[in-house]
Amino acid sequence: MTPTDETAQVPHQEPPPGTTPPAPPPEGDDAVPGARMPRWLPRAMVLALALVAAFQLGSWAFHQVTGLLINVLIAFFLALAIEPAVSRLASSGMRRGLATFLVFLGLTVAVAGFVILLGSMLAGQIIKMIEGFPEYLDSLINWINSTFHSELRRVDVQESLVHSDWLRKYVQNSAGGVLDVSAQVLGGLFQLLTITLFSFYFAADGPRLRRALCSVLPPARQAEVLRAWEIAVDKTGGYIYSRGLMALISGVAHYALLQALGIPYAPVLAVWVGLVSQFIPTIGTYLAGALPMLIAFTVAPWYAVWVLAFVVIYQQFENYMLQPKLTARSVDIHPAVAFGSVIAGTALLGAVGALISIPAVATLQAFLGAYVKRYDVTDDPRVQGQRRTRGPGSLVVRLRGLFGG
């Protein structure tokens with residue numbers, strides 16, 4: 001047998017018939033599968049991790065500044081509400097900053113005077129209730145003794161109340177919650193100061209703000225922005241006007257009831273009910289009705305029941321009769337849209353959303369209405385809610401069609 005060297009060529013052998021020839025080995029970067037990572041995979045992993053980190057950081061930052069954004073939104077709508085008064089003073093030759101200061105000063109004086117008057121009235125009523133508590137307790141004990149034939153005494157009741165466990169626990173919890181209440185009060189004051197400062201800047205520097213916003217837009221967009229701003233001022237002012245009118249009507253109605261029952265401080269209580277029920281959303285009605293009921297209870301317990309019944313009945317009248325009509329005329333939106341916007345605003349932003357939802361939706365509706373093309377409606381009875389009358393013949397034809405006749 002003849003020996004072969006390593007350089008000798010091996011003759012090519014054909015595969016057997018009916019078999020598939022093996023694939024040639026891959027070349028380049030993917031020559032050996034799994035032995036080397038593709039070049040694009042590390043960069044893709046780094047990019048994915050960077051996107052996740054950026055999303056987490058943005059989400060965290062957004063949650064941290066949510067309170068600030070809500071305060072800025074409230075300040076913006078407050079600035080829109082006082083814009084007509086500030087513009088009127090500025091158009092008379094007064095500096096815009098001074099005009100804004102005077103408007104805020106008038107609002108501050110009115111609110112402070114109302115709070116001081118209400119606080120003095122409430123303090124006097126609380127003192128009166130504390131002084132008359134023994135008389136109320138004696139009348140209650142006499143009624144219980146005469147009704148259930150018991151022998152209760154006021155001294156025994158007072159001692160059982162003073163030495164009761166629930167009173168001791170209540171005092172301890174109240175003492176522990178003083179710091180929480182103080183922190184909430186300080187937080188509320190800081191939030192009020194933030195809203196006041198931002199609204200003052202928005203109102204005083206309104207023209208400068210509009211100029212800065214329009215400077216980065218083309219002329220066509222500038223006209224649209226200015227038009228939207230003007231619509232927002234009109235709708236917000238109309239909303240405040242409608243709320244003020246409803247507050248006036250509510251105050252007059254409750255004043256008539258309180259005066260008829262002979263409840264003291266009827267004018268102040270009427271103003272309280274009107275303002276709180278209209279300008280504090282969601283819980284304003286309950287806060288507004290609680291104080292007159294408390295004062296009425298000091299006069300006669302049944303008077304508190306009458307006040308509660310009147311508050312509930314008037315609230316239904318206002319929700320279904322008065323508010324839809326006034327809102328539709330002042331901000332020009334359908335009552336159903338106004339009701340739905342309040343619900344949506346409450347779900348998104350709570351009480352703040354309920355307060356600003358109607359002017360926001362009215363502004364958006366008025367702005368988009370200019371870009372919606374409308375056509376003439378055909379003269380059809382169905383447009384007026386009427387249906388075409390069908391004769392007996394048409395009914396017979398339909399029945400034949402159903403039964404294949």
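## The largest pocket

H3 is the top contributor to the lining of the largest pocket, giving ten residues. Keep in mind that this is a predicted model. The pocket holds about 1800 Å³ of space, and of its 38 lining residues, Leu78, Val111, Leu192, Phe279 and Leu355 sit closest to the centre.

Which helices supply at least two residues each to this lining? Besides H3, they are H2 (66-91), H7 (178-204), H9 (219-261), H10 (266-279) and H14 (351-369).

H3 covers residues 96-131, Val109 among them. Val109 counts as exposed because its relative accessibility is 54%, and the cut-off for exposed is over 50%.

## Two cavities

There are two cavities of 30 Å³ or more here. The largest has about 70 Å³ of space, and its lining includes Ser250, His254, Tyr314, Gln315 and Glu318. H9, H10, H11 (284-299) and H12 (301-330) each give two or more residues to that lining, with H12 providing the largest share, four. By class, the lining splits into four nonpolar, six polar and one charged.

The second largest cavity comes in at about 40 Å³. Lining it are Phe76, Ala79, Leu80, Glu83, Phe202, Gly206, Arg210 and Trp229. H2 gives the most, four residues, and H8 (206-214) also supplies at least two. This lining has five nonpolar residues, one polar and two charged.

Note on methods
Residues are numbered from 1 along each chain as its sequence is written. This is a predicted model: local features need pLDDT of at least 70, side-chain atom pairs count only at pLDDT 80 or more; totals for chains, interfaces and linings use all residues. Side-chain values use heavy atoms; hydrogens and water are left out. Buried means under 20% relative accessible area, exposed over 50%, partly exposed in between (1.4 Å probe, protein chains only). On a 1 Å grid over the protein atoms alone, a cavity is a set of points where a 1.4 Å probe fits but cannot get out, and a pocket is an open set with protein on both sides within 12 Å along at least five of seven lines; lining residues have an atom within 4 Å of a point. Grid points are joined across faces, edges and corners, and a volume is the space filled by probe spheres set on the points. Ala, Val, Leu, Ile, Met, Phe, Trp, Tyr, Cys and Pro count as nonpolar, Asp, Glu, Lys and Arg as charged, and the others, Gly among them, as polar.
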